[in-house]
Amino acid sequence: MKETPSPAGKSESGGKQMDLRRLTIGEMAALNHISEQTLRLYDREELLVPLHRDEKTGYRYYDIRQSARLDMIQYMKALGMSLKEIRLYLHNWNAGRLRRLLQRNRDLVEQRMRDLQLQKQAIDRALENYARFEQLPPDGTLVVEYIPRRRIFVTDTGINFYDYAIEEYERLLRMLKEELRESGAAPFYFSHAGSLLRKERFERNELVATEVFVFVDEETMPLDHTQMIPEGLYLCRYCDCFEKEKEGIAHLQSEIARCRYQVRGDYICEVMAEMPREDEDRGMFLRLQVPISWPEN
C-alpha cells in the first residue's frame, strides 16, 4: 500500500507512523533499498551524515530530503567513481573536473571490455583445445591433417634446448614469458607453448632449435612481434611427454622418406594439452608437425 504523508511530514504504513524528518538508519535504509552497513560506510566517509542528533539520547536521524544526496552518490558510484572521488565531487563541485573524471572512467570501461573480449577468446581457444584433446589419437600415432593458418609470438633464445633436459626448456619459457609481458600481451596467452625447428635443419636431421613460441590472435598483437604459420597439410605425430620428442622427429623423418612427401616449411612442436603430474615436471601431450605436400609424380 502506498504511504500517505501526514501534514506533519509523517508517513503511515500498517498503522505505524514514520517521521520523515527523523528517520532511523533502518528506516532510511529500507526507504532507499540499501543496507544499514552501506549507510554506516557513507557516514564514516563523510558522504552522507545523519542530519539530526537527539541531545538527550545521542541517537542520530536522517531526513527524507537527504535521499536526494544518496541518489547522487549511488548514481556516481554506478558510473564507476570511487568513494574518494565522490566525496571530492560532493564537497567541491566542478563540472570540468567531473567531465574529465567521467571520460577517464569511460576509457577504463572500454579497456575492461577489450580485456574481457580477449579473455573470452582465450577461453574459447582453451575449450577448443581440450575438446580436440579428447579426440586425439594415442601416443605414437601418425596422421596427415589439414591445419588452418595460425599466428605465433616467437622468441629466439639463442640456446639449443635439444642439448638439455626439460629444466633448460622451462628456463627458456621464462624468457618467452618475459618478452610477452614486455610487449603488453595479456597473461592468458602464455599457454600451450611450442618450439620451431627450421626446415633446413629438420631436413638435414640437425636437432638445433632455439625458438619458442605461443599462439596469439591476429587482431590483438602487433604484426612485427609475430609470424604466420601457413595453412595446409601437415604430417603429425602425437606423443605424450617431452622426452619422446626426438624419437617422434625420427618417426616423422622416416615416414616422409618412405612416402616421398615434400617438406614445405618448418617443423613445429605444439603443446596440445597440459596435465597435472605428481612430480615437478610439466605434463604435456604434444603434436609434432611438419607441413608437407604430396609426392611429385
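Predicted model: local features only at pLDDT ≥ 70, side-chain atom pairs only at ≥ 80, totals over all residues.
The chain has eight helices and 14 strands. It runs to 297 residues, and 40% of them are buried. Take the contacts between residues at least 6 apart in sequence: 67% of these join residues at least 24 apart. The accessible surface is about 17,700 Å². Carbon and sulfur atoms account for 51% of that surface.

Back to H3. This helix has 12 residues. From first C-alpha to last, H3 reaches 16 Å, close to the 16 Å expected at 1.5 Å a residue. Its buried residues are Ser67, Leu70, Ile73 and Met76. Look at the spacing in that list. An α-helix has 3.6 residues a turn, so residues three or four places apart point the same way. What covers the buried residues of H3? The cover includes helix H1 (25-32), H2 and helix H4 (83-91).

Gln66 sits in the loop between strand S5 (60-61) and helix H3 (67-78). Is Gln66 buried or exposed? Its relative accessible area is 11%, under the 20% cut-off, so Gln66 counts as buried. Now its contacts, leaving aside neighbours within four places in sequence. Gln66 touches Met28, Leu48, Val49, Pro50, Leu51 and Tyr61.

The charged end of Arg22 sits over the ring of Tyr61, 4.4 Å from the ring centre. There is another arrangement of this kind: Arg150 lies over the face of Tyr234, at 5.4 Å from the ring centre.

Stay with Arg22 for a moment. Arg53 and Arg22 are 31 residues apart in sequence, and their C-alpha atoms are 9.1 Å apart in space. Arg53 lies in strand S4. Its relative accessible area is 52%, so Arg53 is exposed. Not counting residues up to four places away in sequence, Arg53 touches Gly58, Tyr59 and Arg60.

Glu46 is in the loop between helix H2 (36-44) and strand S4 (52-53). Its phi is near 60°, a positive value in a residue other than glycine.

H8 is followed by Arg260, with a positive phi near 60°. Arg260 is not a glycine. Its place is the loop between helix H8 (245-259) and strand S12 (262-263). Buried or exposed? Arg260 is exposed, at a relative accessible area of 52%.

What about H8 itself? It has 15 residues, which should span 21 Å at 1.5 Å a residue. The end C-alpha atoms are 21 Å apart, which agrees. The buried residues of H8 are Glu245, Gly248, Ile249, Leu252, Gln253, Glu255, Ile256 and Cys259. They cover an arc of only 165° around the axis, so they lie on the same side of H8. On the other side, Glu247, Ala257 and Arg258 are exposed.

Last topic: the aromatics. How many aromatic pairs does the count give? The count comes to seven. Take Phe161 and Tyr162. Their ring centres are 5.0 Å apart and their planes meet at 50°, so this pair is tilted. Phe161 is buried, and so is Tyr162. Next come Tyr169 and Phe242. They form a tilted pair too, with 5.1 Å centre to centre and 35° between the planes.

Where do those two partners lie? Tyr169 is in helix H6 (residues 166-182), and Phe242 is in the loop between strand S11 (232-239) and H8. So the pair ties together parts that are 73 residues apart in sequence. Tyr169 is buried, with a relative accessible area of 4%. Phe242 is buried as well, at 14%.

After H8 comes Arg260, with phi near 60°.

Notes: Residues numbered from 1 in each chain as written. Heavy atoms only, no water. Helix = DSSP H or I, 4+ residues; strand = E, 2+ residues; numbered from the N terminus. Buried < 20%, exposed > 50% of the residue type's maximum accessible area, 1.4 Å probe, protein only. Contact = heavy atoms within 4.5 Å. Areas by Shrake-Rupley, 256 points an atom, 1.4 Å probe, with all protein chains shown as cover. Expected span 1.5 Å × (residues − 1). Arc of directions from axis to C-beta. Phe/Tyr/Trp six-rings, centres within 6.5 Å; stacked < 30°, edge-to-face > 60°. Lys NZ or Arg CZ within 6 Å of the ring centre and 35° of its normal.
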